[in-house]
Amino acid sequence: MSMRGAIVSLLMVPGAALCAEEPLDWEMVNRIREEGLHRSQVLDTLEILTDVIGPRLTGSPALKEANEWTRDKLEEWGLERSRVESWGRFGRGWSFSRAAVHMLEPRATPLSALPLAWTPGTEGAVRGEVRRVTLDDEQDLEEHKGKLGGQILFLDKPRDPVVDGDGAFSRYTSDQLEALEQYPVPGEPRGVQARRRRMERAKFRRKRNSFLAGEGVVATVEISGRDAGIVRVGSGGSREPGESTGVTGLVLAAEHYNWVSRLLERGVKVELEADVAARFHDDDLDAYNTMAEMPGSDLADEVVMVGAHLDSWHAAAGANDNGAGCAVVMEAVRILRVLGAEPRRTIRIVLWSGEEQGLLGSRAYVAEHFATRPEPEKEEDRKTPSRYRTPTWPLELKPGHSKLAAYFNVDNGSGRIRGIYTQGNAAVVPIFERWLEPFNDLGADTVTNRDTGGTDHLPFDDVGLPAFQFVQDRLDYSSRTHHTHLDHFDHAVGKDLKQASVILASFLYHAAMRDERLPREPLPRAPARRSSGPLTDADASPAVDGKGDAGDEAGFFGDQEESGVGDVPGGAHLAP
């Protein structure tokens with residue numbers, strides 16, 4: 001038990017009484033532990049998703065294969081209504097099969113580089129002299145017009161190595177978990193200005209793509225957001241049919257990028273050769289989620305949902321981001337199905353797509369089934385992607401809103417579960433502390449009222465639904481594997497995945513068996529406006545009242561679709 005839990009018990013405050021009264025089926029817990037820890041299939045599932053199917057970029061043939069395989073596997077395990085369901089139009093798919101980059105001058109050597117998604121291939125080996133340029137705004141484009149043909153452009157400044165003070169591989173310490181239980185008073189929300197800046201960057205990138213193609217640039221090169229030879233990818237082109245995809249976009253290992261940059265600063269001529277095979281997939285512009293159910297009994301019209309995102313980036317097999325989460329949620333429902341669990345509420349598993357481009361699959365699902373917001377009044381705002389919009393009011397609830405008992409999400413790598421974030425829902429604290437009791441010996445005992453962002457629980461939370469993400473050990477998720485070429489099966493920790501699966505199975509079971517749904521926070525409200533003066537960030541409509549703009553954190557990850565590599569902000573995916 002955590003220190004806070006011990007103090008609560010000693011003082012006998014009402015929360016302790018609630019915790020003691022919360023039903024806990026110890027017999028089922030024992031059965032879940034025995035099945036999940038001794039006969040687990042979680043690594044088998046992950047190995048198929050990663051080693052066999054591989055990278056699962058949304059819209060790619062590999063993701064469609066993963067949709068179909070997971071559907072069939074869930075059906076094989078005895079779940080009902082197993083299906084692949086379109087959530088709407090996504091755009092063109094993209095994949096690559098070759099990326100070879102070599103320095104030719106001043107000496108011949110291979111370089112470590114991978115292409116940006118949704119940029120074209122080179123159609124064979126191409127060569128070009130390297131030039132370092134800044135193309136950050138339209139004035140830069142005008143200044144370099146007619147001067148860049150036949151060249152390979154380095155677009156970023158070189159940078160010093162990033163020192164990882166926590167080491168490459170880390171687990172939460174007891175002190176860190178203790179600190180995580182302290183809730184910081186929220187400050188001013190981020191809002192319209194941040195969204196506007198992201199939208200303007202996206203618009204400019206489209207203009208730059210057209211400019212580069214028109215100039216006859218051979219390729220562009222950006223610096224990786226990680227050191228130690230790690231190549232971290234994102235997106236550079238457009239998935240919209242008819243829009244310019246620009247020229248071949250590459251991400252180069254930071255050490256190689258810095259080396260070439262130093263040569264250029266000395267006035268040394270550098271010539272590179274690039275050979276990239278990439279293709280667009282236009283046969284189906286929709287994207288899909290996989291889902292299946294364990295039907296309930298007397299409360300079957302109410303639903304406990306569990307999810308993880310099936311899509312990944314293209315540099316590696318997407319083991320930690322987020323094959324691990326998919327394997328865990330699939331294993332959790334497999335355990336319950338093997339044990340013959342008979343939930344009172346329906347348990348629904350969903351494997352999302354489009355998460356990496358802005359939580360698109362889960363956002364669409366929430367809008368279809370639970371709640372929507374009015375369309376913006378201005379036509380320009382209506383054309384703006386939803387992740388960049390200022391939230392509109394009032395929130396319009398659908399009948400399904402009252403039927404969702406809870407949503408649980410897994411998407412922080414393969415680290416073991418240490419606890420759970422409540423997203424500010426203090427009423428569930430004694431319930432979750434009770435549900436974690438059988439797993440204190442497995443290292444899970446932390447319940448924090450803090451928010452965490454960057455993944456598929458946010459669309460649910462944004463409309464006032466009880467949606468939760470687990471606290472997980474970070475391992476090397478942010479330091480090595482997140483969106484990088486190292487995100488393979490080797491970096492998944494099997495013992496941790498087994499632990500996470502049994503805890504999740506128990507949470508799903510107890511959420512489905514309670515007499516009442518989990519408590520909810522008050523519905524989001526439109527914030528008060530200032531009586532006079534210009535609109536500022538402090539006036540911005542938060543997606544959830546009192547929480548700041550949860551969409552900003554989600555939007556950051558979605559921004560990689562438009563702005564290339566980017567970097568992970570501290571605390572977005574990996575709070576605190």
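Phe 507 is buried, its relative accessible area being 0%, where buried means under 20% relative accessible area, exposed over 50% and partly exposed in between (1.4 Å probe, protein chains only). The model is predicted, so that local features need pLDDT of at least 70 and side-chain atom pairs count only at pLDDT 80 or more, while totals for chains, interfaces and linings use all residues. Residues are numbered from 1 along each chain as its sequence is written, and side-chain values use heavy atoms, with hydrogens and water left out.

Rings of Phe, Tyr and Trp (its six-membered ring) pair if their centres lie within 6.5 Å, and planes under 30 degrees apart count as stacked, over 60 as edge-to-face and the rest as tilted.

| Pair | Centre to centre | Angle between planes | Type |
|---|---|---|---|
| Phe 408 and Phe 507 | 5.9 Å | 90 degrees | edge-to-face |
| Phe 432 and Phe 507 | 5.5 Å | 45 degrees | tilted |

Because Phe 432 lies in helix α13 (residues 429-436) and Phe 507 in helix α16, their pair ties together parts that are 75 residues apart in sequence; helices (H or I, at least four residues) and strands (E, at least two) are DSSP runs, numbered from the N terminus. Phe 432 also counts as buried, at 0% relative accessibility, and ring pairs link Phe 408, Phe 432, Trp 435, Phe 468, Phe 470 and Phe 507 into a cluster.
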